[in-house]
Number of protein chains: 6
Amino acid sequence: MRSSQRQADQLRSIRLTRQYTCHAEGSVLVEFGNTKVICTASVEEKVPPFLKGKGEGWVTAEYGMLPRSTGSRMKRESAAGKQSGRTQEIQRLIGRSLRAVVDLKALGERQITIDCDVIQADGGTRTASITGAFVALTDAVNNLIASGKLNASPIREAVAAVSVGIVGETALLDLDYIEDSNCETDMNVVMTAAGKFIEIQGTAEGEAFSRSEMNSLLDLAEKGIAQLIELQKQSLTQ
Amino acid sequence: MRSSQRQADQLRSIRLTRQYTCHAEGSVLVEFGNTKVICTASVEEKVPPFLKGKGEGWVTAEYGMLPRSTGSRMKRESAAGKQSGRTQEIQRLIGRSLRAVVDLKALGERQITIDCDVIQADGGTRTASITGAFVALTDAVNNLIASGKLNASPIREAVAAVSVGIVGETALLDLDYIEDSNCETDMNVVMTAAGKFIEIQGTAEGEAFSRSEMNSLLDLAEKGIAQLIELQKQSLTQ
Amino acid sequence: MRSSQRQADQLRSIRLTRQYTCHAEGSVLVEFGNTKVICTASVEEKVPPFLKGKGEGWVTAEYGMLPRSTGSRMKRESAAGKQSGRTQEIQRLIGRSLRAVVDLKALGERQITIDCDVIQADGGTRTASITGAFVALTDAVNNLIASGKLNASPIREAVAAVSVGIVGETALLDLDYIEDSNCETDMNVVMTAAGKFIEIQGTAEGEAFSRSEMNSLLDLAEKGIAQLIELQKQSLTQ
Amino acid sequence: MRSSQRQADQLRSIRLTRQYTCHAEGSVLVEFGNTKVICTASVEEKVPPFLKGKGEGWVTAEYGMLPRSTGSRMKRESAAGKQSGRTQEIQRLIGRSLRAVVDLKALGERQITIDCDVIQADGGTRTASITGAFVALTDAVNNLIASGKLNASPIREAVAAVSVGIVGETALLDLDYIEDSNCETDMNVVMTAAGKFIEIQGTAEGEAFSRSEMNSLLDLAEKGIAQLIELQKQSLTQ
Amino acid sequence: MRSSQRQADQLRSIRLTRQYTCHAEGSVLVEFGNTKVICTASVEEKVPPFLKGKGEGWVTAEYGMLPRSTGSRMKRESAAGKQSGRTQEIQRLIGRSLRAVVDLKALGERQITIDCDVIQADGGTRTASITGAFVALTDAVNNLIASGKLNASPIREAVAAVSVGIVGETALLDLDYIEDSNCETDMNVVMTAAGKFIEIQGTAEGEAFSRSEMNSLLDLAEKGIAQLIELQKQSLTQ
Amino acid sequence: MRSSQRQADQLRSIRLTRQYTCHAEGSVLVEFGNTKVICTASVEEKVPPFLKGKGEGWVTAEYGMLPRSTGSRMKRESAAGKQSGRTQEIQRLIGRSLRAVVDLKALGERQITIDCDVIQADGGTRTASITGAFVALTDAVNNLIASGKLNASPIREAVAAVSVGIVGETALLDLDYIEDSNCETDMNVVMTAAGKFIEIQGTAEGEAFSRSEMNSLLDLAEKGIAQLIELQKQSLTQ
């Protein structure tokens, strides 16, 4: 039994609160236990220079953490004058994950930017961000349809993400910060509703891991993501 | 009657939610109507270089806006690589306002950093920030007392802030974004519980303003700030 | 009697030297006692992107201090790689103050940039800058009229600025550096020839200040600014 | 048959040239076909601040590409003023991969920095970098032993990396640039001599990929990495 | 006869005004015709990190141009966020030229920083800067002697600089901006009172230049610098 | 006899390897003894903004050093966030030297960028860069002719560079790092095939130098550059 009273294959309490802030075309507060991220989707009727005139749209993401979203205060990146390597890595991952389920030609020459801002961190901020970002993106797309700017949704299917890891010798689903700090192997998995992979990023933090350990982790991730996609669906029909 | 159904001398609905996030020594969500700011206070047992060894503490503030806290998405300052002049101006104002009510010698050689992050903006983000920051600062100081690091509070008295402005020919209290965009004169006033001024920043956005107009604005501000200080007191005793 | 042998309500010796350097459309050395600032006005036949095609002009300001304009050498901002918060705050103030007296539509689609560079500092650099910048701006506008690019001046009235403050318990006009360092309250006031306010920025450096103290400060400022505006007028008719 | 006349499970021609430049403690030119990377290992008798006094060493990596290592010239990152997200992601991966096979306590309080500079790129620069970096690191460690600064090697086992991908419906080993540009799924795998994983990073560039596709890719990667580790061993005994 | 009514071998009107500003240990306004540069020398009782504890001092220089010191306004370098290559080149040249005549061991562990700020430019700003900087440096050193911090001057001899160039087919001394813009070859020469060279920087702007042309230029430079050194001496004895 | 067994007037072993990397229009590895620089020439069919529409081309250069090209590792400039003053000075010198032998009008509206990246440094990197860059530039121009984009070469004549210096009392040609570190005077000379000067940059590192010393240095440089130009010619005809 984990310190959080969860089973090894149990997600934390997941909440998706839509229309969390009032200005964005999509705005979702996603909570994976104590991890809380505001995901907003902003639609702009223009595309980045490399896409100009190609009749295609773009979906991109930016990620940030409030300085005191963590146990000890982190330096504010705008004051530091640059985004850390970790920040850039995460926002590139979020962007790729969302683009993988969007037909960019069908989106038309417009850009949707998803901002994922962590207001409280307890492990799994990138997987919570992807899971919440998909809901915000869907709301923004539905707004485009409602306003007549799109006839049909360019979103092909749902996408969600979860972390899995080996702590001691046990494979665990949806690590919190303490578990993440102590794990031997940490893996972030991004999957579609159809059960296919978009991203797998596995890292040995301590011992290198075997093929069979990896298989156990993927089994857990598949199970967790199926639940997350169900929760996204419920949230979007409320 | 204002579009928000308020009287000229009426504050928006004000809410102060303490312990809004779990890591910071003080954490307050402050709402002035639709303006929502997370204010966290972080205590560090060290001071900036210019104060080292002087037996004095420091209180400082940083300010930021989530990119889509506003009607159209703003560029993320960490991606831009620097904080705007406006951001720096505001965070300097918040820091000065708080230091004005703290006995820095009595605080001892430690620093309290107040982060004010706007998650939804509708005018008055700097005055909401100061008003919420004071509550977060008080919670952080009370934590220091509770943990035996301080014997008595170095906070001399409460401080709060409000905006006032002239729209058309009427002096209005606590402007929302629409009113702020249309005002002739915009003034931010920071006052103490004792009714004295810490900062007055008045700017003619359109017509220059007369001495008597300024007096009307200060009358309104005094009234509003007295109410805000009462609300802070109620919040801190809950 | 002040250390500088001035009365409480007495300005320092003020000098405005026009055509101080040879390239700019307007170039003024302004001296408030030992504070010396070169103000140049540069006309460019283009506007910033946000004004393109709107038939309006723009007036903006930049501010800098030579590294050894002060008692101890300051780091050069270009070497540091950024302008300080204080620098940005001051240049934004100068820009707003000048725009408040210019009819930007009447200026036409061109930009006038006022550079205020402090070559010697002894308190009041921002108020000296505004006072000198107005003269440089006027010269640049008169150049535009002389060259047939404008038919009439878009400047509505004169603007000048002065600092006032409470040192000990006395309200003083036009603080020098020593007075500024010791004052309880420091206020910068920007006024028009018609005696109306454009900006009031009052800050309690020590004790918070009362409404009546503020009134004394404004009385002093009104008196001082009226004299400064008279001196600007004399300078411009020489 | 691939355009390069290789079998699906065949590595490109691999060359490891030690002592490629004369100043570094380890210096290796690694070639994976037309991809050429200079990997140098620099030993410094100091550690980063977060490790000071802990009796532990550090291994880190930096990555760069010469502007014309690619088909069209890229902007020089030092002129642009920052490293791209991609660069940071790669150098973090290289650093983690090497640290995973080094006993940092046994290394003692010193840092080894591996610089991986791509002089010619044709796909797989990050996997070539890791493979070459391990050889440079080993040379640097052997230098420390030869000079009496270390008694035994802190390197636990060899590490190498390769890319695999699905092009059309075929799983291919060690993609060149053309194959990489056309692949549906791209996976970088970092493994140890013992056949365990240190990093797996799989990304669906086009279609999402199935569990069985992933298994085929890992089979290929295991085979390729075993060959690379054999080549490293041969190179180090010459 | 040149447009400025000068002979080919004639300097512009040269003026050296000491004690130009009041705070610096040395402060000189140097004028080469319409080129005007403020040179200040600031003494700090510390040295850069690479010299700490070596019992040696340091002399360094920084250079800047006011944005409207030139015919059309230049971007302010602090706003641009960096110093241009030209600026860095010039300030490195000034620093080297001054260090070449100072016995850094005799200076003791202190640093003298010379700031050269161009308030009006008409060609030759770097040579005017060196010529004026030497006078400011001497004043700062004399201050150190007067205050008992140094027993004897660490300055070995005087240094001055001038530009020479070939315009058309004529070698000219001390080029103004128009001449500089039209010259085939431009050479900056830094010499000591003893008539030896510290720096020669010759650049073919148009046609490459011959050995005999170079000799003519050096003849001119030697003559001009001897006059400048005489003018420095006169200025320092006033 | 020098430590490298060379005569005072003897170049190091010089090698020019064309087509060193495969992507660039010109790619040369230049070796001056142990100094090794990769020079690539990249052609782009566009010009910088200041030349747009003028019917002229541009030749420019960028310079960098791999972090461990030197005896102790240097900080990577892209990680530092800016190019050093030395780097900018060198790349400006390379660019000027090449432009001096190219008819930019005859080049047409296109830009050739020469990247000079030092992979191993032992003194004279800037002179090796210029010498190698000319060969890379020539290859790129010949490519333009071969592809029909140019009818005739816009290159007027060859250019090469060498360093000379006074060590002890002896004038030496082509200094290596040890000689360069110990020299009294260091001079970089850039000359054309016709024996005329493009750049002369002489610096007294220790003692100031006399006119006759300078003449000895130029004699040596003329001799060395004639040999380098002969080697360029041989390389280009292979």
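## The B–C interface: one shared surface

Of the interface residues of chain B, 100% are also interface residues in chain C, so the two copies meet through the same surface. Contact here means heavy atoms within 4.5 Å. The B–C contact draws 27 residues from chain B and 27 residues from chain C.

This is a predicted model, in which local features need pLDDT of at least 70 and side-chain atom pairs count only at pLDDT 80 or more, while totals for chains, interfaces and linings use all residues. Residues are numbered from 1 along each chain as its sequence is written, chains are lettered from A and ligands numbered from 1 in the order in which they are written, and side-chain values use heavy atoms, with hydrogens and water left out.

Two copies of a chain are related by a rotation about an axis and a shift along it. Superposition is by least squares on the C-alpha atoms of residues with pLDDT of at least 70 in both copies.

## What B and C bury

Chain B and chain C bury about 2,500 Å² between them, and 47% of that is on carbon and sulfur atoms. Three residues of chain B lose the most area to chain C: B:Glu89, B:Phe197 and B:Arg211. Together they make up 25% of what that side buries. Buried area is the accessible area (1.4 Å probe) that two parts lose on being put together, summed over both.

Six salt bridges cross the B–C interface. The rule asks for a side-chain nitrogen of Lys or Arg within 4 Å of a carboxyl oxygen of Asp or Glu. One pair is B:Arg211 with C:Asp219, whose closest N and O atoms are 2.9 Å apart. Polar contacts between chain B and chain C number 18 residue pairs, both residues at pLDDT 80 or more. A polar contact is a pair of N or O atoms within 3.5 Å; within protein, one must be able to donate a hydrogen and the other to accept it, and residues adjacent in sequence count only if both atoms are side-chain atoms.

Which elements of chain B give two or more residues to the side that touches chain C? They are α2 (85-99), β9 (197-204) and α6 (211-236). The largest share comes from β9(B), with eight residues. By class, that side of chain B has eight nonpolar, ten polar and nine charged residues. Ala, Val, Leu, Ile, Met, Phe, Trp, Tyr, Cys and Pro count as nonpolar, Asp, Glu, Lys and Arg as charged, and the others, Gly among them, as polar.

## Strand pairing across B and C

β9(B) runs antiparallel to strand β9 (residues 197-204) of chain C, joined by five bridges. B:Glu199 has C:Thr203 as its bridge partner in β9(C). Strands pair if DSSP finds at least two bridges between them. Helices (H or I, at least four residues) and strands (E, at least two) are DSSP runs, numbered from the N terminus.

## The A–B interface

Chain A superposes on chain B by a rotation of 180° with 0.0 Å of shift along its axis (RMSD 0.0 Å). A:Ser78 comes closest to this axis among the residues of chain A, at 1.9 Å (C-alpha). Here too, 100% of the interface residues of chain A are also interface residues in chain B, so the copies meet through the same surface. The contact takes 35 residues from chain A and 35 residues from chain B. About 2,700 Å² is buried between them, 48% of it on carbon and sulfur atoms.

Twelve salt bridges link chain A and chain B. In one of them, A:Arg76 meets B:Glu62 at 2.9 Å, N to O. On the side of chain A that touches chain B, β3 (35-44), β4 (58-65), α1 (77-80) and β5 (111-120) each give two or more residues. β5(A) gives the most, six residues. That side divides into 13 nonpolar, 13 polar and nine charged residues.

## Pairs without contact

No contact joins chain C and chain D; their closest C-alpha atoms lie 11 Å apart. Chain B and chain F have no contact either, with closest C-alpha atoms 11 Å apart.

## A salt bridge within chain A

Over all chains, the structure holds 132 salt bridges. One joins the side chains of A:Lys223 and A:Asp9 (2.4 Å, N to O). A:Lys223 lies in helix α6 (residues 211-237) of chain A and A:Asp9 in the segment before β1 (14-18), so the pair ties together parts that are 214 residues apart in sequence.
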